Amino acid sequence: MSNSKDAVRKVLDQVKADNRTSLTAPEGKLVCDAYGIPVPKEGVAKSAGEAGKMASAMGFPVVMKIVSPDILHKTEAGGVIVGVKTAQDAEKAYETILSNAKKYKADAKIEGIQVQQMLAGGTEVIIGSITDGSFGKLVAFGLGGVLVEVLKDITFRLAPATKEDALSMLDGIQAHEILKGVRGGEPVNRTALADVIVKVSQLVSDFPEIVELDLNPVFATPKDATAADVRIVVDFAYKPKPKPRPTEEIVAAMNRIMQPKAVAVIGASAEDGKIGNSVMKNLINGGYKGEIIPIHPKAPEILGYKAYKSVKDVPGVIDVAVFAIPAKFVAGALTECGEKKIPGAVLIPSGFAEAGAPELQAEIVEVGKKYDIRLMGPNIYGFYYTPANLCATFCTAYDVKGHAALSSQSGGIGMAIIGFSRSAKMGVSAIVGLGNKSDIDEDDLLAFFEQDPNTNLIAQHCEDLKDGRAFAEAAKRVSKKKPVVVLKAGRTSAGAKAASSHTGALAGNDRIYEDVFKQSGVIRARSLRQLLEFARGVPVLPTPKGENVLIITGAGGSGVLLSDSCVDNGLSLMSMPPDLDAAFRKFIPPFGAAGNPVDITGGEPPITYVNTVKLGLSDDRIHALILGYWHTIVTPPMVFARNMVEVKKEMEAKGFVKPMVASLAGDVEVEEAAEYLYQNGIPAYAYSTELPVEVLGAKYKWARGAGLL
C-alpha cells in the first residue's frame, strides 16, 4: 500500500505548494488510480496509429478530444468526436480533429489527442465522503442524478468502512430496490460497488486533509462500477480529534467517582432551601455508608458532620467533591481539590458556557487538565449510584435498586427519569447528569457501565456528542454485551456544516446520527417516553432465539393494529405452517381465525388463552409472542393476568423461555392487570398496541446488533 500512499502524497504536496483547495481532474484520476478506484481509461495519442491501438486496448466506444493549451472551447473548434467504435474510425477521427484544430487556430500548440473510454450506461450512483465536526470522516452512498437532491436519499458510515458496512449501505437507502434491477433491468454488481465504497473510506482515513470527495456519477453495471467524475477538496489545516483516553484510565477514575469511600460537599449548608443543604441531606438520607465531609468557610459542623474550611485541611483521602457554590468560586476550589489529589468533581453550579460565560468554563477545564481531575458537569443535578446508596444530587433521595443506568444532558429530563422510575417501580443502578459536558461525557459513562456488574442496560439522553467517533467506538464495543439506548435531541435542526458538496448538502445531521447509531449497535429511542420504556422493558425480556413472531389476540381490531406495529418495528410475523395452524384451530371457535394473528375471539373463557399461549410457548418454530387481550365478563383482566404468569412460569420450568409482551384493551381494571404482568416479566400496556411491540422491537434490534440471533 505504501506506493499508492506515496503517489497520493505527491499529488497533495503539489496542491499544497500551489496554495489550492481542490484537485484538478487529472490529479483526481491519479489519486483514484493509486487506490484502485475505477475511473474511465484514458491516454494521449501522438499519432493516428497510436490512437487506434489505444482505443482498441481500452475497449470501444471511446471519445476523442483535442489537447491544446490554446484551444479552450474544444467542441466549437471541432475538437471532440464521441462514439468512436473501431480502430479504423479512431485513426480517421485523429486526422479529422487535427485538421479541424488547424483550421480553427493555425498556430495552436497541439500536445496530442486524448482518447477516453466512454461509459456504457448503468445505474448512476454517488459515492463520496464528508468530514463532520463530531464524527470526523464519513463515507456516503446514494443514487445519482437529480433525485438525490430532492429526496436526500443517502446513507453514511464512519470511515474506514468494512466490506459488511459497505454492503449494508447498498440496502440502507430507500431506493435500494433499483440496484436489484427493476422492470427487466439487470442488477448492479454489489461487490464492485462495495469495493469502491471501502477504497474511498480508506483513502480519506489515510489522508485526513481530504475533507470532501465526490464520485458523481458512478456508473454501476452488472459487470463493474466506474466513477465518471471525481471531485476532491482539501484542507491542510484539518486536524482529527485527539484519541480518547485509554479505557482502563477512564474506568479507574470513574470507579472512584461513582463508588467513593469519601465525599466532600463544597458549599455544604445547614440552611434549608440551599443547594448545599439538599446535597448533604440526600447523602445522609439516601443511606450512603462512606465518609461525608462538609466544606464551609466558618461552620465547625453541618448536620452533625465535622466541617472543614478547605479540602486541603481534611486529613484522609477524598474520592470525589460535589460543588454547591456559585460559578465564580469554582475554579479556586477546584485548584484546592487538585492539590489534594481528588480524582473527580461533580459540578452542580450553572452560570458557565450555557449562560454566556465560556471563559469561566475554559478556566475550570484548564484546572481539570492540570491536576487530572475528571469533571462532571457543570450545570447538572448531580448523580445517583444505587448499589452504593449514593445520592450525590440536590433532587430527591432515590432507593429503587435495579440494573438500568440512565443519563441525561438536561436537568429537567433527569427529573423525568427519576419520576418515571419511581412511578413504574423501575429499578436503576445509576442516574447521571452530564450538563455542559466540560469533560466527562457519554463515552466515559459507557466505559464505566460496561464493566459495572450492577448495570445491564445503558440509556442516554443527549443533545450533542462532543466526540461522535469516540462515542461510536465505545458503543460498538459495549452494545455487544449490554443494550445501549440513545435519545438524540435536536434531531430536526439542519446541523450539517455542509459545503457545496452533494454529500455534504445532504448530510442533514440527523441522518448521520441515524446511520452511525445503527453501525454501532445502538437502539435509538424516538421520544422521551420510548427511552424510558426501553430502559424498563428491554432487560425484562429474555433474548429471542429467532425472528418468528406470533400474535395471539382476543380482539380482531387489536390484531390488525399489532400487525401494523410489527411492520413499523422491523419484526417479522411468522407465516403459519399447516400443522401448527391445525393445532391452534383445536382450541379456538370455528368462527375464530387461525393463521397469524391467531384470533381466538372475545367471548372465550380463560382456558382458551391458556391453551393457545402454551402452544405458542412450546413450539420451537415460534420465537416471540405478542398477546392482545380484550376485557370481557368471561375472562376478567386479573384472571387473564394471573393465568398468563402461571403459564409463563410453568413453561419456563420445562425450558421454554421466550420474550412475551401484552396489549390490554378494556376498562380501568386492565391497568392493574398490566402492572401485575409487568412485575412478573411480561411487559404489558393498557390502552396501547404500539408500546408493547416497540419494546419487543428494541430487544430484537439489540439482539441482532450483538450477533445473538
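# A walk through the loops, rings and a helix face

P315 sits in the loop between strand 14 (305–306) and strand 15 (320–323). The model is a predicted one. P315 is exposed, with a relative accessible area of 68%. Which residues does P315 touch, once its neighbours within four places in sequence are left aside? They are Y308 and K340.

As background, most residues other than glycine have a negative phi, and most peptide bonds are trans. Start with the loop between helix 3 (48–58) and strand 2 (62–67), which contains P61. The peptide bond from F60 to P61 is cis. Its omega is near -5°. G59 lies in the loop between helix 3 and strand 2. G59 is partly exposed, at 26% relative accessibility. The C-alpha atoms of G59 and A87 are separated by 9.8 Å. Along the chain, G59 and A87 are 28 residues apart.

A cis peptide bond also joins G377 and P378. Here omega is about 0°. P378 belongs to the loop between strand 17 (374–376) and strand 18.

Next come the phi angles. L303 is not a glycine, yet its phi is positive, at about 50°. L303 is in the loop between strand 13 (301–302) and strand 14. With a relative accessible area of 35%, L303 is partly exposed. T601 is likewise a residue other than glycine with a positive phi, near 70°. T601 is placed in the loop between strand 27 and helix 20. Is T601 buried or exposed? At 12% relative accessibility, T601 counts as buried, because the cut-off for buried is under 20%.

Strand 27 and helix 20 come up again around helix 19. Among what covers the buried residues of helix 19 are strand 25 (548–553), strand 27 (598–599) and helix 20 (606–618). Which residues of helix 19 (residues 578–585) are buried? They are L580, D581, A583 and F584. These residues span an arc of only 160° around the axis, so they lie on the same side of helix 19.

Now turn to the aromatic rings. How many aromatic pairs does the structure hold? There are 11. Take Y385 and F448: their ring centres are 5.8 Å apart and their planes stand at 70°, so the pair is edge-to-face. This pair links distant parts of the chain. Y385 is in strand 18 (residues 382–385), and F448 is in helix 13 (residues 442–451). The two residues are 63 residues apart. Y385 is buried, with a relative accessible area of 0%. F448 is also buried, at 0% relative accessibility.

F471 and F517 form another pair. Their ring centres are 6.1 Å apart and their planes are at 65°, so this pair too is edge-to-face. What does the pair tie together? F471 lies in helix 14 (residues 468–478) and F517 in helix 16 (residues 509–519), so the pair ties together parts that are 46 residues apart in sequence. F471 is buried, with a relative accessible area of 1%. F517 counts as buried as well, at 1% relative accessibility. F471 and F517 belong to one aromatic cluster, together with F135 and Y513.

Last comes the empty space inside the model. Rolling a probe the size of a water molecule over the atoms shows where empty space is left. How many cavities of 30 Å³ or more does the structure hold? It holds one. The largest cavity has a volume of about 30 Å³. Its lining consists of L617, K648, E652, F656, V657, K658 and M660. By class, the lining of the largest cavity has four nonpolar and three charged residues. No polar residue takes part in that lining. One of the lining residues, L617, falls within helix 20 (606–618).

Methods. Residues are numbered from 1 along each chain as its sequence is written. This is a predicted model: local features need pLDDT of at least 70, side-chain atom pairs count only at pLDDT 80 or more; totals for chains, interfaces and linings use all residues. Side-chain values use heavy atoms; hydrogens and water are left out. Buried means under 20% relative accessible area, exposed over 50%, partly exposed in between (1.4 Å probe, protein chains only). Helices (H or I, at least four residues) and strands (E, at least two) are DSSP runs, numbered from the N terminus. The arc is that of the directions from the helix axis to the C-beta atoms. Contact means heavy atoms within 4.5 Å. On a 1 Å grid over the protein atoms alone, a cavity is a set of points where a 1.4 Å probe fits but cannot get out, and a pocket is an open set with protein on both sides within 12 Å along at least five of seven lines; lining residues have an atom within 4 Å of a point. Grid points are joined across faces, edges and corners, and a volume is the space filled by probe spheres set on the points. Ala, Val, Leu, Ile, Met, Phe, Trp, Tyr, Cys and Pro count as nonpolar, Asp, Glu, Lys and Arg as charged, and the others, Gly among them, as polar. Rings of Phe, Tyr and Trp (its six-membered ring) pair if their centres lie within 6.5 Å; planes under 30 degrees apart count as stacked, over 60 as edge-to-face and the rest as tilted.
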